[in-house]
Structure formats: structure tokens, C-alpha cells
Amino acid sequence: MFHKICKRLVLSNWTIVPKVKYQNFVISDVLSQMERACEKFCAVPRVPPHKVSIIGAGSDVGRIAALFLKQQKVIKKLILYDEEPGNRVLGVANDIAYMDTSPEVEVYQGRTCLNNALHDSDVVLICGGEFVKPPSCCTLDRDLFFKNMELVRVASIASARFCPYAVIAVQTPPVDCNFALCMHTLKIAGTYDKRRVLGVNAINSMRANQLFSSLTGSDPSASHTPVVCGTGRCTRVPVFSKNKAGNFPQTQVECLTKLVREADEIICKVKCNNEQGHLSIGFSTARFVTCIMKGLMEKPTFIDSALVEQGDPKKCYDMNVCATPVTIGKGGIVEYAVPTLNDMETKLLQESKCDLQDMLNLGRCYAVGDEYYLHTCKTCYYCTPSKPCEVCASKNQSKPK
């Protein structure tokens with residue numbers, strides 16, 4: 001709006017100014033505030049700004065996601081925000097702004113600018129944070145959650161305040177815990193809508209597609225392999241049976257499943273620069289956000305897998321929160337697609353439910369202030385100091401000494 005007013009003033013003095021269709025620059029904080037002040041007095045009906053905000057844009061995943069999102073025409077404003085000065089998000093934004101593509105680039109650094117970064121956003125991507133690094137590839141998700149929970153909690157509270165109707169995509173690991181943290185934080189703030197909060201599970205679905213296509217020799221872009229249950233190493237369940245993998249020997253299907261579940265550790269051990277597979281994670285995350293934007297602004301779009309609160313838990317393996325394929329339309333999720341599992345996948349799902357519930361409970365406890373307790377499925381109901389559990393005692397007696 002501010003730029004349009006300036007053009008009218010120049011034209012009133014009979015000065016010819018070329019009409020520019022796209023503007024591609026890093027906007028300053030002062031100019032951004034002036035534009036919002038002008039919008040208050042504008043009589044023109046408001047339209048969706050086609051705005052995507054990346055929280056943690058200075059991280060490795062955030063930079064790569066920003067690189068791909070800068071190439072999407074469905075996005076008009078790409079906001080890069082990072083709290084850490086060491087991530088140098090200002091340099092990242094200035095570098096990306098030189099790309100001759102349509103999205104405008106705005107950059108903000110520091111928590112005091114978080115409100116400006118989130119104002120009127122359509123999609124908020126929460127990424128970045130700590131990742132597992134060699135030689136600690138076996139770091140527990142619980143330990144990783146304690147390092148990243150503040151980033152997700154602050155971003156969730158700010159989103160509830162400055163863009164309550166935005167679709168929030170949580171990518172910061174571990175996604176299972178941080179999704180629950182974001183979900184219950186928004187519930188406390190009174191802005192939660194299960195159609196507009198998604199945990200990013202795109203990397204696992206993409207890996208499953210590629211592994212299955214490499215075995216069959218088919219086109220990976222035409223394959224759609226859903227990954228259900230959760231997003232973590234112990235909770236992801238790839239559904240290869242949907243791609244007619246039942247024609248393969250059971251050992252090959254089990255091998256593909258193991259590769260999907262242990263992909264993070266494999267990449268950690270192979271790469272020597274102390275990082276994970278940030279290139280593939282950033283690409284899959286950008287494609288995930290692009291599908292959300294196309295569903296919101298253009299037409300319903302299918303996503304292979306996203307961790308969401310289900311519309312009908314009875315239709316989703318009796319799970320209230322589960323990763324399944326979804327369809328994004330106006331306002332968020334418009335359809336849940338729950339794939340049918342074979343016997344092996346059903347057994348793996350039942351074994352993974354316990355870990356997923358424990359991770360979701362961990363995120364919930366730190367959102368609402370409850371004391372965290374280990375999930376009951378990981379403990380014995382009848383174990384007491386005075387009366388030991390008969391099942392545990394029988395197992396101990398059967399163990400060879």
C-alpha cells in the first residue's frame with residue numbers, strides 16, 4: 001500500500017514511472033510498519049497475502065527450505081526469521097533476494113521482531129533447532145526435545161497472538177514431541193484448530209518412495225508411499241503394501257522398512273561434516289509447505305503423510321493423533337486418508353503406539369505444566385516394592401544365568 005501511494009504522488013507530478021509487477025527486495029522494519037499503518041485506513045477488501053513465515057530460517061534446514069520456497073509462484077511474501085545471531089539470517093535473506101523469482105523476501109532477527117515476522121501469515125513453518133550429530137546418533141528423542149522445546153513453545157505462543165488463523169507446520173525435531181507441545185500450547189491460548197496444525201513427516205514418506213522405486217525401477221515422483229503412526233525413529237511405519245509390495249519377498253519388505261526407520265543413523269555415519277541429511281530434509285519440507293499453500297490458495301492438494309489430530313480416531317487404528325495422508329483445502333485439512341495395513345504393518349504399528357503416546361505425553365506435559373511420567377505401557381501395573389510382578393519374576397527366572 002505504501003508503494004502504491006508513492007507511485008500516485010509521483011504520477012501526479014506528470015512523471016512517468018514504469019509499472020512493476022513483482023517486487024523483490026529485503027524490506028526494512030520501518031517500511032513494514034508504515035505499510036501496516038496504511039492498511040488500517042484502506043477501504044479495499046483484504047485478500048490473502050500468500051505469506052509464508054519460516055521460524056528458524058538461519059538453520060541448515062531453514063536455509064534449504066527458503067531456497068526452494070523462493071521459487072514457488074504461489075508464495076508472494078517469504079519471511080525469514082531467526083533468533084540466534086550466529087545463524088546470520090540477514091545474510092541468508094540478502095543472498096536469496098537476488099534470485100529473480102516472484103516472491104518478496106523479508107527478514108527479521110531477534111525475538112523483538114517476531115510479531116512483525118508472523119503478522120498476517122498464511123503458513124508458519126517452525127524448523128531448525130538442534131539435530132543429532134555424530135558420534136551421538138543414538139541420542140534419545142527425549143534429550144533432543146529438551147534442547148528444542150523453547151523454540152517451538154515461543155513460536156506457538158507468538159503464532160496464537162499474531163496469526164491465529166495460520167496453518168502451522170512443525171518440523172523441529174523430535175516432531176512427535178514438538179507437535180504435541182504446539183497443539184496444547186495453542187489450546188491454552190484458545191486458537192487451536194486441528195485442521196491447521198500439522199507435524200511435517202515429508203522426509204519419511206519421500207525416503208520410502210525413493211527406496212521402493214529403486215527396488216522396482218519405477219518413477220519415484222509417481223509413487224506415493226504413506227508413513228503412518230509417528231515421525232520418530234521408533235514410531236514411523238511405512239506402508240509399502242499400498243504400492244503392491246506384497247509381491248516381493250517378506251525379507252525385502254522388512255529390509256525396506258528397516259532402512260526407512262534407520263535412515264537418520266545411516267546418514268549420520270556416512271557424512272563426515274557433523275550434520276544430518278539436511279539437503280533432503282529441507283527439500284521435502286519445502287515441498288510440504290508448497291502443498292499447503294496450493295491447497296489454501298488454489299485447489300485441494302494431497303500430502304503423503306502428516307502428523308495430525310484425526311477427525312475420527314476409530315477409523316484411524318483407534319489413535320487420536322496419528323500420521324496419515326491428508327488433503328489440504330480452504331481453511332486447512334479437509335480430508336483424512338487412512339491406508340489399510342497388512343499383518344506385518346499392523347504388528348509394527350501396535351509396537352510403535354506405545355512410543356508415540358509417550359512422546360506425545362512428554363510434549364503435552366511441558367505445554368500444560370504437568371509432571372511428566374513414563375507411559376504406562378512402558379511400566380508394569382503390578383510392580384510394587386512389597387509385591388513383585390509375577391510376569392517380571394517369571395521372566396527373570398527364565399533368563400539364563
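Since the model is predicted, local features need pLDDT of at least 70 and side-chain atom pairs count only at pLDDT 80 or more, while totals for chains, interfaces and linings use all residues. Residues are numbered from 1 along each chain as its sequence is written, and side-chain values use heavy atoms, with hydrogens and water left out.

Let's start with strand β5, residues 123–126. Helices (H or I, at least four residues) and strands (E, at least two) are DSSP runs, numbered from the N terminus. In a regular strand the side chains alternate between the two faces of the sheet. Here, Val-123 and Leu-125 point one way, Val-124 and Ile-126 point the other, and all are buried. Buried is under 20% relative accessible area, exposed is over 50%, and partly exposed is in between, with a 1.4 Å probe and protein chains only.

And who are the neighbours of β5? Strands pair if DSSP finds at least two bridges between them. Strand β2 (residues 51–55) runs parallel to β5, with four bridges, and Val-52 has Val-123 as its bridge partner. Strand β6 (residues 167–170) is also parallel to β5, again through four bridges, and there Val-123 stands opposite Val-167.

Next up, helix α4, residues 89–97, where Val-89, Val-92, Ala-93, Ile-96 and Ala-97 are buried. Looking down the axis of α4, those buried residues fall within an arc of 130 degrees, so they line one face of the helix. That arc is taken from the directions from the helix axis to the C-beta atoms.

On to the rings: the structure holds five aromatic pairs. The rule is that rings of Phe, Tyr and Trp (its six-membered ring) pair if their centres lie within 6.5 Å; planes under 30 degrees apart are stacked, over 60 edge-to-face, and the rest tilted. One of the pairs is Phe-68 with Phe-283, edge-to-face at 5.2 Å centre to centre and 75 degrees between the planes. This one links distant parts of the chain, from Phe-68 in helix α3 (residues 60–69) to Phe-283 in helix α11 (residues 278–297), 215 residues apart. Phe-68 is partly exposed at 27%, and Phe-283 is partly exposed at 32%. Then there's Phe-145 with Phe-146: centres 5.9 Å apart and planes at 50 degrees, so that pair is tilted. Phe-145 is buried at 0%, whereas Phe-146 is partly exposed at 37%. Ring pairs link these two and Tyr-366 into a cluster.

Now, salt bridges. The criterion is a side-chain nitrogen of Lys or Arg within 4 Å of a carboxyl oxygen of Asp or Glu, and the count comes to 10. Among them, Asp-358 meets Arg-142, with the closest N and O atoms 2.7 Å apart. That links helix α12 (residues 343–368) with helix α6 (residues 141–162), the partners being 216 residues apart. Asp-358 is buried at 0%, while Arg-142 is partly exposed at 22%.

Ile-266 lies in helix α10 (residues 263–270) and is partly exposed at 38%.
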